[in-house]
Amino acid sequence: MRADGHAPGRPVPDGQEARDVLRGCARDVVDIAEGIRAVSARTSTALFAPALIASVRHRPRTGLAAQWALLRALTNKQGLGGSARTAPKGVRRVLGAAGEVLGRESLAALVAVTSLRLRIAAVLADHPEFGRDPGMRRLLEAVTADRDPQAVRALRALFRDRSAQRALSGRAPLMSELLAIRTLLDEDPDKGGTGWALTAGRGPSADPPHGTVRPAGPGKGEGVAEAVDLCGQERQIIATEGSLLGYLRNIEVLSTDGRILVQNVRGPDGVVRYVVQAPGMAPGRPRSDSPQDFVGAWRNLFTTDSLYTRSIKLALQDYGIPRGAHLALIGHGEGGIALLNLAQDQEFCRTYKVTHVVAVGSPTGSQKTADPRTWVATITNRHDIVPVLDGRAAGSASTPHPNRYEVDYVEPTPEFPLCHMLRAYIEHLRTVIPEAREGLDEALRPYRGPIVRTRAYRLKDRAHPPEGYPFLALPTTTIPTTAGPVDVPVRYYDSSAAHLCYPVSVDAARALLPDATWLTPSRLGRRALAVLSLYEHRCTTIGPYTEIGLSVLVDDLWRPRPYDVVADLLRRVDLRRTGRYVLCLAVTSEEARVVAREIWGQPVMRMSAEADLMGREIGVRSRNLGITVEGRLGPGGRCPEADWILYGRRGESTVRTLVRAHGRLRLHPGTGVRLRLDTAAAEPLAGQLRRLGLDATRPLFALTCPQFMLHRSAGAVLPR
């Protein structure tokens with residue numbers, strides 16, 4: 001049963017799928033919002049038109065009345081409710097500031113939020129699992145606010161938050177609506193880097209003509225292209241004969257590490273032509289040094305003058321392509337978007353003759369190329385959700401164009417993101433749609449022949465500091481593990497945490513520690529302190545994972561002193577003698593399990609879990625462990641950032657790990673949070689929780705941080 005109450009594949013009573021009805025309504029509503037925005041623009045233009053201003057001077061009685069009526073219609077909450085967006089700059093800022101003070105939002109923005117609610121409902125009908133995703137949770141919290149103006153403000157904050165954009169990167173079915181709403185929320189069109197409106201089902205709005213390139217606004221960054229050598233194995237794989245599959249395999253070889261490829265090919269007629277090959281967006285951890293990340297793709301969809309396109313232009317200048325040379329542009333995913341943007345660039349198409357563009361798994365919309373003779377081919381499968389970025393689902397009907405060749409097919413194994421991978425598209429062109437491959441090869445006949453020169457370029461963004469700068473800008477070293485080499489310190493770019501602190505029996509805590517006289521629980525009065533740590537790591541150098549850990553505060557391994565743990569709080573973390581000994585750890589990824597065991601010396605097991613630690617209502621559930629932690633945090637206050645020391649064991653030695661954190665830590669009473677264990681909860685974690693009595697009591701207090709960064713050093717082996 002789906003979220004909309006219908007079984008998968010079963011139509012709603014009118015014969016249409018519920019998701020299709022919802023998406024159709026969403027497109028209609030966003031069109032209405034765009035129309036309202038256009039009316040606001042015309043109204044504000046009329047308000048400050050020279051003719052009206054002149055009439056105010058010559059006929060104050062009627063002129064002022066007309067101007068006042070226009071101003072009320074534009075800014076009143078019963079009317080359009082927006083600022084005078086085309087007014088003179090100083091006036092617009094005054095009106096915009098007044099709207100902020102009064103807590104008003106434009107009617108277009110409020111209608112756009114309704115459109116986004118409809119699109120979210122359609123996506124959740126097909127993918128109910130998205131409701132548990134951190135990025136989707138941010139979005140749901142924004143659009144389900146009690147009042148629409150609050151939702152608009154929350155969405156604006158969401159668009160400004162780079163980490164939130166990374167978390168939203170997997171929600172491709174919503175992107176067409178997000179793009180439309182992104183512009184409808186923008187009350188100041190002169191802000192650098194905003195671009196123009198993109199509405200669902202359409203390309204750029206009518207403001208700038210197709211193909212125009214706006215100059216880079218402040219803060220957009222400066223693209224860089226550096227020539228790099230291919231490694232020996234890559235040189236052996238790179239195609240030496242031009243063909244569609246050969247060019248696509250070249251893109252697959254480049255992967256998504258920020259490189260593109262430029263090749264010379266001698267065609268059947270003996271003419272040398274040029275082929276540009278561009279990979280898609282890099283998944284996983286952020287890459288602010290390269291435009292091939294989610295934020296770069298976000299910009300690509302807003303304006304043709306993106307960082308990716310500027311970097312490609314610099315690469316072609318360095319390559320030395322003569323003016324007027326014939327170019328074929330072939331890209332996958334975000335690379336296809338960037339190359340289609342180049343094909344819309346009037347200046348670029350005056351410099352080179354772009355004859356062919358092939359975009360695989362890319363949103364193409366209805367944009368027109370600068371040269372109407374450019375032949376554009378798009379290849380999408382109906383289960384790849386990335387191409388819906390253009391506002392129309394894969395497989396939807398579109399008006400054929402004499403220079404457009406659209407391949408839209410059904411993939412036999414509909415699993416995302418596997419169906420978006422270039423390797424899958426290459427295999428399908430060989431086996432599922434060979435006739436399409438033959439047609440594309442025939443169209444690319446001028447670019448079929450021996451490759452006479454190959455050059456790779458690495459694209460960079462020199463304007464942005466490294467992700468996590470300056471906190472996570474630190475030297476690293478590589479340590480081999482059974483799961484492969486791991487860079488340490490391990491860096492966590494986007495995490496949430498809740499530490500539940502329980503007073504426990506000293507004897508019960510000592511019984512769980514290893515049989516070593518130098519490991520003694522720290523006493524706080526007559527009790528020891530056990531900590532149940534819950535983590536939701538969304539972006540790390542070892543991949544995203546959820547973590548549940550149980551630890552006990554322990555004294556100095558050599559000279560334990562009473563209440564030393566209190567005195568240690570006044571010392572720098574690297575000089576502390578006390579720490580938390582990890583009794584048991586459970587993680588949701590294999591790489592995290594290997595790192596915890598082999599580098600940090602912690603007793604660890606793998607599990608499956610769902611975590612939500614970003615709001616006042618927190619919850620972590622692990623069915624295979626039989627553990628549930630949930631509840632509502634009470635009022636809390638800020639407290640200093642919590643760096644700490646973790647202890648583990650490796651053989652006969654103790655391993656000491658330094659952990660540094662950066663975020664807004666808060667202290668809450670623990671009365672609203674409860675740990676529950678299923679009757680069949682398994683050892684070792686559930687058994688240790690029971691022996692400490694944590695299932696029968698509530699925490700004394702809780703330390704929470706909904707979003708923070710941290711890094712964990714390599715474990716130092718101590719002779720104890």
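In the predicted model, arginine 712 is placed over the face of tryptophan 600, at 5.3 Å from the ring centre.

Tyrosine 409 belongs to strand β7 (residues 404-409) and tyrosine 425 to helix α16 (residues 422-431), so the pair ties together parts that are 16 residues apart in sequence. Tyrosine 409 is buried, its relative accessible area being 6%. Tyrosine 425 is likewise buried, with a relative accessible area of 1%; both values fall under the 20% limit for a buried residue.

An open sheet is formed by 4 strands in the order β16-β17-β18-β23, with antiparallel pairing. Strands β16 (610-612) and β23 (673-677) are the edge strands, each of which pairs on one side only. From one strand to the next, the twist averages 10°.

Within this sheet, strand β18 (residues 627-632) is joined to β23 by 5 bridges, and the two strands run antiparallel. Isoleucine 627 has leucine 677 of β23 as its bridge partner. Helix α21 (residues 685-692) lies across β18 and β23 and runs at about 120° to β23.

Notes: Residues numbered from 1 in each chain as written. Predicted model: local features only at pLDDT ≥ 70, side-chain atom pairs only at ≥ 80, totals over all residues. Heavy atoms only, no water. Buried < 20%, exposed > 50% of the residue type's maximum accessible area, 1.4 Å probe, protein only. Lys NZ or Arg CZ within 6 Å of the ring centre and 35° of its normal. Pairing = 2+ DSSP bridges. Axes fitted to C-alpha atoms, helices over the stretch in contact; angles between N-to-C directions. Contact = heavy atoms within 4.5 Å.
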